[in-house]
Amino acid sequence: MANSKMAIASLAAQIRPFTCLAASLPSRLAPHPPDLIRWIKREGGFVHHAVKLSQETQFGIGLISTEQISPGTDLISLPPHVPLRFESDDSSSSSSSLLSALARRVPEELWAMKLGLRLLQERANADSFWWPYISNLPETYTVPIFFPGEDIKNLQYAPLLHQVNKRCRFLLEFEQEIRRTLEYVKASDHPFSGQDVNASALGWTMSAVSTRAFRLHGNKKLQGGSSDDVPMMLPLIDMCNHSFKPNARIIQEQNGADSNTLVKVVAETEVKENDPLLLNYGCLSNDFFLLDYGFVIESNPYDTIELKYDEQLMDAASMAAGVSSPKFSSPAPWQHQLLSQLNLAGEMPNLKVTIGGPEPVEGRLLAALRILLCGELVEVEKHDLDTLKSLSAVAPFGIANEIAVFRTVIALCVIALSHFPTKIMEDEAIIKQGVSATAELSIKYRIQKKSVIIDVMKDLTRRVKLLSSKETPTAA
């Protein structure tokens with residue numbers, strides 16, 4: 001959102017401008033939004049009497065329970081007409097047709113913008129059915145596209161910087177695309193009630209969707225009988241915060257079990273008094289959590305570091321690890337064939353590999369290292385690729401080979417860590433000095449990335465010590 005805020009239009013006005021009056025923190029889009037729970041109940045939905053909105057949860061505004069709730073209890077249910085979705089085949093009016101035309105120009109990977117266009121259309125409409133919901137949305141978001149330039153730079157991680165810059169470029173280009181498309185559209189056909197749609201407004205609506213939308217089954221049947229996934233904004237439900245150990249889950253009604261309920265939230269475990277209602281947003285890395293949700297998970301078990309499978313880099317890492325005559329730059333024909341099967345060579349390889357997450361080393365990288373540091377076709381032919389990609393397959397080519405593999409990955413970790421200009425202790429000291437909210441998020445993000453690398457190094461060092469204790473004096 002723009003830094004200069006204007007007073008929000010009255011409900012009697014013809015449009016609601018894309019700027020608004022800042023309220024007390026956490027700031028909602030409207031200074032005094034309608035009661036969202038009351039609105040949902042009025043529309044035929046259900047909200048458990050012990051579920052309340054609170055502004056004092058870990059992630060700001062969220063839902064808490066005012067009393068103990070048993071597992072299996074229905075907490076929230078929404079009828080089919082309450083979720084906000086984008087109907088791409090809706091051409092009942094000129095404005096809807098124009099909205100669909102704009103949505104078709106959005107890349108699939110930025111799907112949030114498609115639904116975001118619909119959200120922005122409803123936000124501009126003074127008579128929007130969804131205003132009680134929209135007015136309760138945050139005025140600003142802590143996602144990186146809104147960070148000051150210095151805080152974006154201070155993320156210090158090239159893959160995320162690339163994604164942030166890509167999104168910012170898209171917003172600026174899409175702003176111009178919308179202006180060209182709507183330049184001569186008459187007021188009655190304008191999808192945004194005649195308002196100028198700038199990159200800031202587009203960033204706000206894309207962030208509102210990415211932080212809140214859920215993918216539910218749609219009505220359209222696909223080949224095989226399954227339904228398509230449709231992004232929807234679920235009023236009130238989307239105020240449940242995230243946890244990898246949730247106490248609630250979303251259930252979508254199927255097969256007409258309840259014609260008045262599309263989706264509901266049910267207590268997964270016992271919910272104690274004053275506990276927040278928590279859903280699992282997915283087993284995601286901190287890249288996704290920061291880009292799409294605006295927060296970072298400490299000690300995230302699904303966080304990873306992205307590396308490029310580069311032959312010269314692998315050779316350098318192996319030599320640094322004390323491996324003699326590595327073969328990464330000059331693999332034998334049979335090794336090259338196996339690398340192609342791993343999609344690390346060939347015409348269109350995927351050279352992005354990761355360390356960290358549930359497995360310390362991505363399977364494709366592990367298999368490639370084992371194969372290239374072994375060099376014996378007879379030995380390699382004894383195992384399939386799935387075995388070679390698994391850490392649970394202990395030393396398939398012998399202890400010496402496995403130690404060389406792990407030491408090479410450790411060397412890769414050292415190289416990756418050296419790309420960060422600051423150390424964790426320095427980052428922690430900066431936070432203690434006091435910084436802005438966005439600066440703190442940037443620093444916490446890069447701390448977690450460095451922690452992933454260090455954790456992998458510790459894990460592999462432990463494995464090397466264990467293998468070394470088993471190695472015989474005659475081992476090569």
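**Close-up views of a predicted model**

D292 and R167 are both buried, meaning under 20% relative accessible area, with exposed over 50% and partly exposed in between (1.4 Å probe, protein chains only). This is a predicted model, in which local features need pLDDT of at least 70 and side-chain atom pairs count only at pLDDT 80 or more, while totals for chains, interfaces and linings use all residues. Residues are numbered from 1 along each chain as its sequence is written, and side-chain values use heavy atoms, with hydrogens and water left out.

**View 1. A salt bridge between D292 and R167.** The closest N and O atoms of D292 and R167 are 2.9 Å apart. The pair links distant parts of the chain: D292 sits in helix α8 and R167 in helix α6, 125 residues apart. Helices (H or I, at least four residues) and strands (E, at least two) are DSSP runs, numbered from the N terminus. A salt bridge places a side-chain nitrogen of Lys or Arg within 4 Å of a carboxyl oxygen of Asp or Glu. The structure holds 22 of them.

**View 2. Helix α8 (residues 286-293), mostly covered.** Seven of the eight residues of α8 are buried. Among them are F289, L290, L291 and Y293. Their cover includes α6 (158-182), α7 (199-212), β8 (241-242), β12 (304-308) and α16 (437-470). Just after α8, G294 takes a positive phi of about 80 degrees.

**View 3. R212 in helix α7.** R212 counts as buried because its relative accessibility is 8%. Its side chain joins that of D238 through a polar contact of 2.9 Å. Such a contact is a pair of N or O atoms within 3.5 Å; within protein, one must be able to donate a hydrogen and the other to accept it, and residues adjacent in sequence count only if both atoms are side-chain atoms. Beyond its neighbours within four places in sequence, R212 is in contact (heavy atoms within 4.5 Å) with residues including R28, Y133, Y141 and M232.

**View 4. An open sheet of four strands.** The order is β1-β4-β10-β9, with antiparallel pairing. Two strands pair if DSSP finds at least two bridges between them. At the edges, β1 (46-47) and β9 (248-252) each pair on one side only. Four bridges join β4 (residues 74-78) to β10 (residues 263-267). I76 stands opposite V265 in β10.

**View 5. A salt bridge between R463 and D459.** The closest N and O atoms are 2.6 Å apart. R463 and D459 are separated by about one helical turn, because they lie four residues apart in helix α16. At 23% relative accessibility, R463 is partly exposed.
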